[in-house]
Amino acid sequence: MFAKPIGIIIILLSLLGGFVLMGGKLGALWHPSELVVILGISLGAYLASTPVYIWMRTLTYIGRFFAGERVNKKLYAETLGLLEELARLSRSSGMLVLEKHIVSPENSPIFMHYSQVMKHPSLKKFIVDNFSYMLLNPPASLNFQHHLENQIDDIYQSMMEVPKALGKVADWLPGFGIVAAVLGVIITMEMLGGEMDVAKIGTAIGAALVGTLTGVFVAFAVVAPFVHSVEVMIRQDRSLFEMAAAFIEAYESGVSPNLAVEIGRQRVPPEFEVPRDEGR
């Protein structure tokens with residue numbers, strides 16, 4: 001949780017501290033007009049090139065970036081615990097007893113016991129949808145494993161639209177920095193002729209160069225690291241879904257809840273390993 005703020009501080013101290021050590025004055029880097037041009041064009045281009053649902057998901061990932069990882073050991077343990085409880089209930093009382101829990105998980109005493117799962121809407125939907133599928137008693141000829149894999153692929157591809165779109169913005173930002181720099185050069189050229197103020201011309205040229213610097217810096221030190229962070233979050237989400245799918249597919253095949261838990265537990269990544277006595 002503290003790694004990201006520390007990383008941001010190191011980036012800023014490296015840029016500003018290095019500039020000061022070179023003999024520069026921090027005020028020379030502060031040009032709000034350059035930021036308006038670069039960040040404004042970037043935001044406009046992003047909004048113009050993406051649908052609204054990607055805007056909302058981007059805000060969600062920004063929140064996750066600063067709030068800390070949503071996928072953690074506790075979420076894995078709760079997911080296994082929920083799946084096991086649903087499996088044991090259906091095995092002891094029949095699949096139909098799950099209907100009231102599946103139809104309205106928000107009012108289910110079973111689901112409400114697992115708060116971390118309830119805070120992960122996509123995971124909750126995945127579990128509900130697939131237990132609902134089993135409730136409908138599908139024929140054995142349907143390949144349930146293939147069905148689960150297709151669902152995960154669809155979820156993954158949908159989530160990946162956010163880093164794809166942000167990656168495009170990172171590619172565009174240096175160009176937007178050049179746009180700001182060219183605008184600064186145009187202003188500088190207007191100062192030439194007559195009684196030229198060399199100090200003002202130098203300041204204008206410096207401001208134009210800051211535009212290029214800002215575009216490159218924001219692209220490679222801000223947006224690109226965030227894009228990679230989002231990709232890591234999405235891969236963690238995919239691993240979580242694959243663990244849940246392994247449990248559900250095993251249980252649908254007729255194995256005991258204990259064995260289904262073990263199969264699911266073995267799909268947990270090493271960094272989130274769940275001991276055998278957790279989640280039960």
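Residues are numbered from 1 along each chain as its sequence is written. Because the model is predicted, local features need pLDDT of at least 70 and side-chain atom pairs count only at pLDDT 80 or more, while totals for chains, interfaces and linings use all residues; side-chain values use heavy atoms, with hydrogens and water left out.

Let's begin with confidence. The pLDDT (the predictor's confidence in each residue, from 0 to 100) averages 91 over the chain, and 96% of the residues score at least 70. Helices here are DSSP runs of H or I with at least four residues, numbered from the N terminus. Confidence is lowest in helix H1 (residues 3-21), with a mean of 90, and highest in helix H2 (residues 32-49), with 95.

So let's look at H2. Its 18 residues reach 25 Å from the first C-alpha to the last, close to the 26 Å expected at 1.5 Å a residue (the expected span is 1.5 Å times one less than the number of residues). Which residues of H2 are buried? They are Glu 34, Ile 38, Ser 42, Ala 45 and Tyr 46, where buried means under 20% relative accessible area, exposed means over 50%, and partly exposed is in between (1.4 Å probe, protein chains only). Seen down the axis of H2, these buried residues fall within an arc of 100°, so they line one face of the helix; the arc is that of the directions from the helix axis to the C-beta atoms. They pack against helix H3 (52-67), helix H10 (161-190) and helix H11 (198-252), with contact meaning heavy atoms within 4.5 Å. On the face turned away from the buried side of H2 you'll find the exposed residues Ser 33, Val 36 and Ala 48.

Now for the rings. Rings of Phe, Tyr and Trp (its six-membered ring) pair if their centres lie within 6.5 Å; planes under 30 degrees apart count as stacked, over 60 as edge-to-face and the rest as tilted. The structure holds five such aromatic pairs. One of them joins Phe 65 and Phe 66 edge-to-face, at 5.0 Å centre to centre and 85° between the planes. Phe 65 is buried at 14% relative accessibility, whereas Phe 66 is exposed at 56%. Why is the pair of Tyr 76 and Phe 272 stacked? Its ring centres are 5.5 Å apart and its planes are at 25°, so the pair counts as stacked. Tyr 76 sits in helix H4 (residues 73-93) and Phe 272 in the segment after helix H12 (257-265), 196 residues apart, which links distant parts of the chain.

Note on methods:
Helix = DSSP H or I, 4+ residues; strand = E, 2+ residues; numbered from the N terminus.
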